[in-house]
Amino acid sequence: MQTTIATTVKADSFFDLRRKDPALTLLREGAEWALPFALMERLVKSGTPYAERARDLRSESVNVSGAGFDWFDGKLPGQIADEISLADYEIVEHTDERRAALSQALERLASVHPEGFARVREFVRGLLWVGLKAGVRTSSLTSSSDPALPYVIVFSEKARQHIPPNTVSPEPSHLFLAENILHEGTHQSISFHVLTHQVFADGYSSTTSPKIEIAWRATQGVASNQFWEVDRAFHATCVYNQLLRFRRVELDRDDLTAGERATFQAAYDEGMPAVRYLMDQLESLSEHFTVHGRELLADLRQQTDEL
C-alpha cells in the first residue's frame, strides 16, 4: 500500500486531465485552461457550468523548466468566485513587475527545490493573482486553494511579503512568493490524495470532528482559526513538513539578503514547534484514520523527526 502522499496524478484517475472523457476532450480543443473547472463541476455538483464560465477568462502562459502554467487574466466569473470564496476579489493587472516576480519564484523552485517544483508542476495548472475589490474593507488573503477547484491556486501581493501564519517581511521577495506557491501546490496534492484514497475512518466528518486547539492562532479572534478539525490539522502537518524543508534549504544558501534570511529564520523557528505539536495531536486521535491513514501518520512522524 502506498504510504506517502502521492506525488503524481494516476493515469485514468478522476484528476487525469488527459483521460478519455467527452467534456475534457472538447475543452482540450481550444480551451485547455478551462479543464480544472470541468472537474469542479463534478466535484461541486451544483449544476453550474463552471467550465463554460471559465472560457471567458484569458490566460497568459508562464513556462519554466518545461512546465507550463496558465496565469489567468480578465474578469473572474461571479459563480466561480462565489464557490471558492473570492467574491471580494478580482484578478489583478498583469504587469512586468508581477510577471518577473512570478517567473523568478517558479524558477527558484525549479533550480533550488526540484522536488517541490515537481509537486507544483504536477498539481498546479492555473494561477489566480488577485486583489481586493475597490471599497472592500477586510484583510487580504495571502494564498489559498480550494479542493472544489483542482489544479488552481490563488495568491495576492501579500504572498511576496508574508509567510503564514505570522511572519511578515518589510520588503517583498520572489522567494516568499515561491514558498506560497509551494504551500498551495502541496495542499492540492493532499486534496487529490484524500479524494482518491480513504484516509479517514468510516463516519468521520469535519462537522463532528474533535477540535485541536491552535494556540499560535489564538490572537486572530476567529474560532475556526483557533480550533482545527482532524482533517485540517492533517493537511497542515503535511504542508509544514514540506515548507520547513524549503526554509531549511534557503537558510543553508548564501544568496539571500539579510531581510530574506531573517524572515525565513523567523518562519522556521515558529514552524518547528508547530509541526511537532500537530504531529503529537494527530497521533493521539489516530482512531479517526483508516489503516492507510495511520500509515500516512507514521510516514509523517518519520518526516517530522527528520526535520
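Reader: What should I know about the model before I start?

Author: This is a predicted model, in which local features need pLDDT of at least 70 and side-chain atom pairs count only at pLDDT 80 or more, while totals for chains, interfaces and linings use all residues. Residues are numbered from 1 along each chain as its sequence is written, and side-chain values use heavy atoms, with hydrogens and water left out.

Reader: Which residues have the most contacts inside the largest nonpolar core?

Author: A nonpolar core is a set of buried Ala, Val, Leu, Ile, Met, Phe, Trp, Tyr and Cys residues joined through side-chain atoms within 4.5 Å, where buried means under 20% relative accessible area, exposed over 50% and partly exposed in between, with a 1.4 Å probe and protein chains only. Here the largest such core has 62 residues, and Phe69, Leu102, Ile181 and Phe234 have the most contacts inside it. Helix 9 (residues 230-251) gives the most to this core, with eleven residues; helices (H or I, at least four residues) and strands (E, at least two) are DSSP runs numbered from the N terminus. A second, separate core of 33 residues includes Val9, Ile84, Leu86 and Phe192.

Reader: What is Leu102 in contact with, leaving aside its neighbours within four places in sequence?

Author: Contact means heavy atoms within 4.5 Å, and on that basis, with those neighbours left aside, Leu102 is in contact with Val62, Trp71, Leu127, Trp129, Phe155, Leu177 and Ile181.

Reader: How do I read the buried side of a helix, and which residues of helix 6 are buried?

Author: In helix 6 (residues 114-123), the buried residues are Gly116, Phe117, Arg119, Val120 and Phe123. Seen down the helix axis, they fall within an arc of 155°, so they line one face of helix 6; the arc is that of the directions from the helix axis to the C-beta atoms. The face turned away from that buried side carries the exposed residues Pro114 and Glu115. The buried residues of helix 6 pack against strand 1 (58-64), strand 2 (67-73), helix 5 (96-112), helix 7 (174-196) and helix 9.

Reader: How is a pocket found, and how much space lies in the largest pocket?

Author: Rolling a probe the size of a water molecule over the atoms shows where empty space is left. On a 1 Å grid over the protein atoms alone, a pocket is an open set of points where a 1.4 Å probe fits, with protein on both sides within 12 Å along at least five of seven lines, and lining residues have an atom within 4 Å of a point. Grid points are joined across faces, edges and corners, and a volume is the space filled by probe spheres set on the points. About 1400 Å³ of space lies in the largest pocket. Of its 43 lining residues, the closest to the centre are Ser143, Ser144, His183, His187 and Arg232. The largest share of this lining, eight residues, comes from helix 9.
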